[in-house]
Amino acid sequence: MFRYRLSEAAQGDVLGILAWTHEQLGEAARRRYESLVVAALRDVASQPDRPGSVGRPELGAGVRSWHLRLSRSHVRPGIELVRRPRHFLVYRTEPTMVVIGRVLHDAMELARHLDPETSWE
């Protein structure tokens, strides 16, 4: 299993997603979505090229994406499932680590929200 690190942009994405979820849907929904994000991070760290991940060569060498809906069955027991997750991770693998560049809504245009040169720090 690789370690993983969230870029500053990805950290901001997660905080924004969870804040919006809390404000719009309540604390229980935020906890469910937070658990789903954690499950997705663990999934890509355990197998970055896992079935269901999509290569994104247009964003740089080794860049992949993983939709959170693919991690729904990996949320820890006792947590209600998120019915329709709408976000995905954009990540790349470095020698000993998976770096999450962004966590984006699936309606967003990738090229507008991910600069291959600056999004990984």
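Reader: Which residues of the largest nonpolar core touch the most other members?
Author: They are Y33, V44, L68, L89, Y91, I100 and V103, out of 21 residues in that core. The elements giving two or more residues to this core are helix 1, helix 2, strand 4 and strand 5. Helix 2 gives the most, with seven residues.

Reader: What makes a set of residues a nonpolar core?
Author: The members must be buried Ala, Val, Leu, Ile, Met, Phe, Trp, Tyr or Cys residues joined through side-chain atoms within 4.5 Å. Buried means under 20% relative accessible area, exposed means over 50%, and partly exposed lies in between, with a 1.4 Å probe and protein chains only. A second, separate core has eight residues, including V63, V99, L104 and W120.

Reader: What is the model, and how are its residues numbered?
Author: It is a predicted model, in which local features need pLDDT of at least 70 and side-chain atom pairs count only at pLDDT 80 or more, while totals for chains, interfaces and linings use all residues. Residues are numbered from 1 along each chain as its sequence is written, and side-chain values use heavy atoms, with hydrogens and water left out.

Reader: Which residues is L68 in contact with, leaving aside its neighbours within four places in sequence?
Author: L68 is in contact with Y33, L36, V37, A40, P85, H87, F88 and L89. Contact means heavy atoms within 4.5 Å.

Reader: Why is the link between R86 and D106 called a salt bridge?
Author: A salt bridge is a side-chain nitrogen of Lys or Arg within 4 Å of a carboxyl oxygen of Asp or Glu. The closest N and O atoms of R86 and D106 are 2.6 Å apart, so the pair meets the definition. R86 lies in the loop between strand 3 (63-67) and strand 4 (87-94), and D106 in the loop between strand 5 (97-105) and helix 3 (110-113), so the pair ties together parts that are 20 residues apart in sequence.

Reader: How many salt bridges does the structure hold?
Author: It holds six. Among them is the one between R56 and E58, at 3.8 Å from N to O.

Reader: What makes strand 3 and strand 4 a pair?
Author: Two strands pair if DSSP finds at least two bridges between them. Strand 3 and strand 4 have five bridges, so they qualify. Their pairing is antiparallel, and S65 has V90 in strand 4 as its bridge partner. Helices (H or I, at least four residues) and strands (E, at least two) are DSSP runs, numbered from the N terminus.

Reader: In what order do the five strands form the sheet?
Author: The order is 1-5-4-3-2, in an open sheet with mixed pairing. Strand 1 (3-6) and strand 2 (54-55) stand at the edges, each with a single partner strand, so one side of each is left without a neighbour in the sheet. Strand 1 and strand 5 are parallel, over four bridges, whereas strand 4 and strand 5 run antiparallel, joined by eight bridges. Strand 4 and strand 5 also form a hairpin, with two residues between them.
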